[in-house]
Amino acid sequence: MSHIVKPVFSYLMFAVDLIKGRYHSSNGREARLLEHVKKVAEAGNPQAVLDAIDQYAHSQEFFMNVGDDKGKILLQEMDKLPAPPKAVLELGTYCGYSTILLAAHLKDPSAKVYTIDICEENVQIAKQMIAHAGLTDKVVHVVKPLDQAVEELRAALKSQQASCFEVVFIDHEKTVYLSDLQLLVKEQLIREGSVVVADNLKIPGAPEYVKWMKETQDFSFEQHSVCMGPSALWLHDMVGVSVYKPSHPAAA
């Protein structure tokens, strides 16, 4: 019974943190997760790290990780691209779960995941998690808001010899989902055919983003109902999958 009670109580504490505007927990949850992963997961084995995170989230404490079910949707969308992506953008690193998921799935040997988070504490936890998975060389961290990182990302694409981010995973502050996506479009950091996957469209929700996606002619939009992950199997969330298909393509 404790394996149910603990995550439920932890979920309530996590909700309190969100209400108070804290994106790193006030009780050391992330550090305990990292300690657990280092203890039980084989170093250099990304799947072992993900499994250890899922196991801990299921039995001990709630985490807003993408989880296995949502993760499958994300990887399936990557696989639909006509060629393996060279540059993947993640908005919201947190503890590094989805960063590891994405980086481990890269097929182009030169490809990288560029992951943005404004919380230095989260980034330090994630760096250690990613290092334990053996994927440090596949990940570039950007510790600033997207609107302050545009030129850095543009330079990164040039160094990757990539015209755009072929895959974008949005999983950060829900109130800026739409404005950050629109910034990516404006700055041509995504182009026709880029795939955008957005998590937590129901819990806690991003209504402005969903409304805009349903109305725009520039993106396809599908919503998938899935459980929130091993921390909250009793809750169902929505994941949005979009493909950028501009009605007025920008000049190359």
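This briefing describes the fold, the cores and selected residues of a predicted model. The chain holds 10 helices and seven strands, and 54% of its 252 residues count as buried. Among contacts between residues at least 6 apart in sequence, 74% join residues at least 24 apart. The strands make up one open, mixed sheet, and a search of the whole structure finds zero disulfides.

**The sheet**

- Seven strands form the open sheet, in the order E3-E2-E1-E4-E5-E7-E6, with mixed pairing.
- Strand E3 (139-142) and strand E6 (222-227) are the edge strands, each pairing on one side only.
- From one strand to the next, the twist averages 20°.
- Strand E1 (residues 87-91) pairs with strand E4 (residues 167-170) in the parallel sense, over four bridges.
- Within this pairing, Leu89 has Val168 of E4 as its bridge partner, and Leu91 stands opposite Ile170 of E4.
- E4 is also joined to E5 by four bridges, and these two strands run parallel.

**Strand E4 and its two faces**

- In a regular strand, side chains alternate between the two faces of the sheet.
- Val167 and Phe169 point one way from E4, whereas Val168 and Ile170 point the other way.
- All four of these E4 residues are buried.

**Helix H8 against the sheet**

- Helix H8 (residues 177-186) lies across E1, E4 and strand E5 (195-198), and runs at about 160° to E4.
- The buried residues of H8 are Tyr177, Leu178, Asp180, Leu181, Leu183 and Leu184.
- An α-helix has 3.6 residues a turn, so residues three or four places apart point the same way.
- The cover over the buried residues of H8 includes the strands E1, E4 and E5, together with helix H7 (150-160), helix H9 (201-205) and helix H10 (207-215).
- Gln188 follows H8 and has a positive phi, near 55°.

**Nonpolar cores**

- In soluble globular proteins, nonpolar side chains tend to be buried together.
- The largest nonpolar core has 43 residues, of which Leu33, Val37, Val49, Ile100 and Met129 touch the most other members.
- At least two residues of this core come from each of helix H2 (29-40), helix H3 (46-59), helix H4 (67-79), H5, helix H6 (120-132), E4, E5 and strand E7 (236-243).
- H3 provides the largest share of the core, seven residues.
- Leu33 is in contact with Ile53, Tyr56, Phe63, Cys95 and Met129, leaving aside neighbours within four places in sequence.
- A second, separate core contains 33 residues, including Leu91, Val150, Ala156 and Phe219.

- Thr93 is placed in the loop between E1 and helix H5 (97-105).
- Thr93 counts as buried because its relative accessibility is 2%, against a cut-off of under 20%.
- The side chains of Thr93 and Thr115 are joined by a polar contact of 2.6 Å.
- Not counting residues up to four places away in sequence, Thr93 touches Thr99, Thr115, Ile116, Asp117, Ala126 and His141.

**Ser242, in strand E7**

- Ser242 is found in strand E7.
- With a relative accessible area of 1%, Ser242 is buried.
- A polar atom of the Ser242 side chain lies 3.2 Å from the backbone oxygen of Ser220.
- Beyond neighbours within four places in sequence, Ser242 is in contact with Ser194, Val195, Val196, Tyr209, Met213, Phe219, Ser220 and Phe221.

**Cysteines**

- A disulfide is a covalent bond between the sulfur atoms of two cysteines.
- The whole structure contains zero disulfides.
- Cys119 is in no disulfide, and the nearest cysteine sulfur, that of Cys95, is 9.5 Å away; the cut-off for a disulfide is 2.5 Å.
- Cys119 is buried, with a relative accessible area of 14%.
- Cys164 is likewise buried, and its relative accessible area is 7%.

Key. Residues are numbered from 1 along each chain as its sequence is written. This is a predicted model: local features need pLDDT of at least 70, side-chain atom pairs count only at pLDDT 80 or more; totals for chains, interfaces and linings use all residues. Side-chain values use heavy atoms; hydrogens and water are left out. Two strands pair if DSSP finds at least two bridges between them. Axes are lines fitted to C-alpha atoms, for helices over the stretch in contact, and angles run from 0 to 180 degrees between N-to-C directions. Contact means heavy atoms within 4.5 Å. Buried means under 20% relative accessible area, exposed over 50%, partly exposed in between (1.4 Å probe, protein chains only). A polar contact is a pair of N or O atoms within 3.5 Å; within protein, one must be able to donate a hydrogen and the other to accept it, and residues adjacent in sequence count only if both atoms are side-chain atoms. A nonpolar core is a set of buried Ala, Val, Leu, Ile, Met, Phe, Trp, Tyr and Cys residues joined through side-chain atoms within 4.5 Å.
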